[in-house]
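I opened the model to look up its metal site and its ligand shell. My notes follow.

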Amino acid sequence: MDESLRQAALQYISEAAAYIRTEMKKGYDVDTKANKDDLVTTVDKNVETMFQEKLAQDFPEHRLMGEEGSFENIHDLDGTVWILDPIDGTVNFVHMGTGFAVSLGIFQDGEPVFGVVYDVMNDELFTAVAGEGAYLNGHALPNVPDRTLSGSLISFNTGWVIHNEKYRELVDKVRGTRSYGSAALELAYVAAGRIDAYLSLRLAPWDVAGGSILVQEARGLVTNLNGEKLDFLHKDSLFAAAPTVYRDITNHLNGHSS
Ligand code: IPD
Ligand code: CA
Ligand code: CA
């Protein structure tokens, strides 16, 4: 990919993070969207506006698909499309002041070319250029480890696990479960080998666009829960894991012993 494009994306993310940190000290407005737990703040909206303005100025032929409104103009992935979640983990942002990320995936004719997940408060920058491996703060990440299911840590939203017997059984089979409240960070953690799988019943393209390429570039697998390729235009389930754990969870969910 074009180095100037990569540098520009990293510069915008750095500026967005500086803005987020400043607003956290000053205070911001919180609103709800689809339901009382679906939070959005003025910071989410302003970060997306910032990217819109940057693209219009520096890359006028590129298009932005962002969670806070700009997705409405995007119906295909032709050309260069930036898929942005200005703050992934807004509930963490509002309640905890940490545990959230700026997530960006750049796509060219539907294929991911660059992914970034930036953990703003912990200053952890996860990046991956397609075909060049995944990096954390400029250091190459090793391939994800081959773990057994019984020795793995897996992450998902406990809210839906309690309603599904197959997933409850899975909890008993693994070493431990985690739930971080930011899909982008959970994908980055799979890429970094901190957890071995992340599963979700429903996510949007902006939740996964940055993180999924990180996982692939660290030799992990990413599909929906039916084992199909992600299409980045629609909401879908998500299943990201180290290959051995992906295989064992798939066998478990399909009723085969592992
Ligand atoms: C949410 C987070 C969360 C996931 C939700 C997403 P948001 O994104 O990624 O972990 O479980 O489905 O909507 O709203 O904080 O950008
Ligand atoms: Ca999100
Ligand atoms: Ca968001």
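**Calcium site and ligand 1**

I began with the calcium ion (ligand 3): E67 (OE), D85 (OD) and I87 (O) coordinate it, at 2.2 to 2.3 Å. Donors are N, O and S atoms within 2.8 Å of the metal (3.2 Å for Na, K and Ca); water is not among the atoms, so sites may look incomplete. This is a predicted model, where local features need pLDDT of at least 70, side-chain atom pairs count only at pLDDT 80 or more, and totals for chains, interfaces and linings use all residues. Residues are numbered from 1 along each chain as its sequence is written, chains are lettered from A and ligands numbered from 1 in the order in which they are written, and side-chain values use heavy atoms, with hydrogens and water left out.

I read the donor spacing in sequence as E-x17-D-x1-I. Which residue coordinates both calcium ions, ligand 3 and ligand 2? D85 does, and the ions are 3.7 Å apart.

Next I checked ligand 1. Its surrounding residues (a heavy atom within 4 Å) include E67, D85, I87, D88, G89 and A183. By class, I found three nonpolar, four polar and four charged residues in the shell; Gly counts as polar, and Asp, Glu, Lys and Arg as charged.

I then looked up polar contacts (N or O pairs within 3.5 Å). The side chain of D88 has an N or O atom 2.8 Å from an oxygen atom of ligand 1. Backbone N or O atoms also approach ligand 1 oxygen atoms: 2.7 Å for G89 and 3.0 Å for A183.

Conventions
Polar contact = N/O pair within 3.5 Å; in protein donor to acceptor, adjacent residues only side chain to side chain.
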